[in-house]
Amino acid sequence: MHCGVMVTGYNQGDWGRLMAEDYDRPPAVSDADNMDDTLYMGELVEPLGFDSIWATEHYGSAYSMQPNPLQYLSYWAGRTSRVDMGTAVIVAPWWNPVRLAHEISMLDILLKGRRLHLGIGRGIAPHEYASLGYPIEQSHKYFYDVVNAIRAADGAERFTFDGEVYKIPPTTIRPQARHKGDLTTRIKAAFTTKESARLAAKNGLGQMFVSGDNLDEMTAQVRQFNTIRAGLGLPPDQPTTLLWMYCAETAAEAEEGWQYFHNQLIAAQHHYFEWNNSGFEGIHGYEEYLKRQTADVGVADAGFEARRMTQPIGTPDEIIEKIKTLQKAISLEMLVVHVFYGGMPRDKAEKSLRLFAEKVLPEVQAMPTPINPASLGHPLNSLAQRFP
């Protein structure tokens, strides 16, 4: 099994100031200091034997301060010589497709033969859409225009594209990539709703879990997605999954990892649903997020206990068993672990990462990744079933 590390910075201690809208004073810990700690953690990834470094894309808040994943991964391409790079995710609607295709091609050159694993999403937080000036209610339209435009760019030296949003005249991407023609063949998409799953399958995309869920729901989502793919005549997909990791010598020590994880869920709740948020009311395609926003139980607390079965938080032996269970349940192929989050002190994050690398990583990398019956879909018979 491939095992990568998400290297991103969260200024967890700044949320009290942000939620109070107290912008007249600076953060208690500067973003620069926070990112210095994050960069320190990133320097450990390749020497400790991991397979890849991953980046994400967010704007404006203390949550995952990483505005351009390709810029960030270009830094890591120059700092490393062996590991692959991955995006989890590029938010496609926030990009001009010609510019995105150029930046992907350039990063492929900088990697000197290593691979870029593309994960792409459509974004959730209304405040990010508003600040960037893109219409959130048209996110699906923008998403698939961008995805299909970068595929067109990857498929030929000279290409055109006639989409709903973008009309691209005859254009060439330079420098041409080392892996031209193969950069966009295995894109993974982050989604949670059945409609988004249907659109992803229809457009030939794979599946990426960005946060995970309880085991039964994760299994059902993979099975549903592969059922849709089977109905389209496509082979089953094996997901890439991002999970939060905290590795400790004893179960008692591991318990504080769950507090960091809960802190992380609170930060996500603030970023996506509360801070600077006008709400999801009336936004087509975001009905599921409106339901979560207006539920009696907060997003951070909903399902927290169930996630104890899926997140790799625990002793080395416990984590290995959880990953084995996940592989059987969802046919997991690539695992990416968050290692520095939720206000975790850097020394504890480093201790956890080193212990995982010593005691868990060899077992994970030696783990077979078959497609298991639990996650296989079944062909749907009628056109109405395939495209409800």
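1. By about how many helical turns are Y72 and W76 of helix 3 separated? They are 4 residues apart in helix 3, so the separation is about one helical turn. The model is a predicted one, in which local features need pLDDT of at least 70 and side-chain atom pairs count only at pLDDT 80 or more, while totals for chains, interfaces and linings use all residues. Residues are numbered from 1 along each chain as its sequence is written, and side-chain values use heavy atoms, with hydrogens and water left out.

2. The structure holds 23 aromatic pairs; rings of Phe, Tyr and Trp (its six-membered ring) pair if their centres lie within 6.5 Å, with planes under 30 degrees apart counted as stacked, over 60 as edge-to-face and the rest as tilted. Y72 and W76 form an edge-to-face pair, at 6.1 Å centre to centre and 90° between the planes. Both Y72 and W76 are buried (buried is under 20% relative accessible area, exposed over 50%, partly exposed in between, with a 1.4 Å probe and protein chains only).

3. The pair of F261 and F304 is stacked, because the ring centres are 5.9 Å apart and the planes stand at 25°. F261 lies in helix 9 (residues 251-274) and F304 in the loop between helix 10 (287-293) and strand 11 (313-314), so the pair ties together parts that are 43 residues apart in sequence. Helices (H or I, at least four residues) and strands (E, at least two) are DSSP runs, numbered from the N terminus. F261 is buried at a relative accessible area of 0%, and F304 also counts as buried, at 12%.

4. Ring pairs also link Y10, Y63, Y272, F273, F280, Y286 and Y289 into a cluster.

5. Helix 2 (residues 31-42) packs against helix 3 (residues 69-79) at an angle of about 50°, with the axes 12 Å apart. Axes are lines fitted to C-alpha atoms, for helices over the stretch in contact, and angles run from 0 to 180 degrees between N-to-C directions. Helix 2 and helix 3 are therefore oblique to each other (under 35 degrees is roughly parallel, over 145 roughly antiparallel, 65 to 115 roughly perpendicular, the rest oblique). On the helix 2 side the contact (heavy atoms within 4.5 Å) is made by M35, T38, L39 and G42, and on the helix 3 side by Y72, Y75 and W76. By class, this contact has 5 nonpolar, 2 polar and no charged residues; Ala, Val, Leu, Ile, Met, Phe, Trp, Tyr, Cys and Pro count as nonpolar, Asp, Glu, Lys and Arg as charged, and the others, Gly among them, as polar.

6. Helix 8 (residues 215-231) and helix 11 (residues 316-330) pack at about 35°, with axes 9 Å apart. Helix 8 contributes L215, M218, T219 and V222 to the contact, and helix 11 contributes T325, L326, A329 and I330. These divide into 6 nonpolar, 2 polar and no charged residues.

7. L376 sits in the loop between helix 13 (361-365) and helix 14 (383-386) and is partly exposed, with a relative accessible area of 32%. Not counting residues up to four places away in sequence, L376 touches R223, N226, P236 and I371.

8. L355 belongs to helix 12 (residues 346-359) and counts as buried at 8% relative accessibility. Leaving aside neighbours within four places in sequence, L355 is in contact with C247, A248, E249, P316 and V360.
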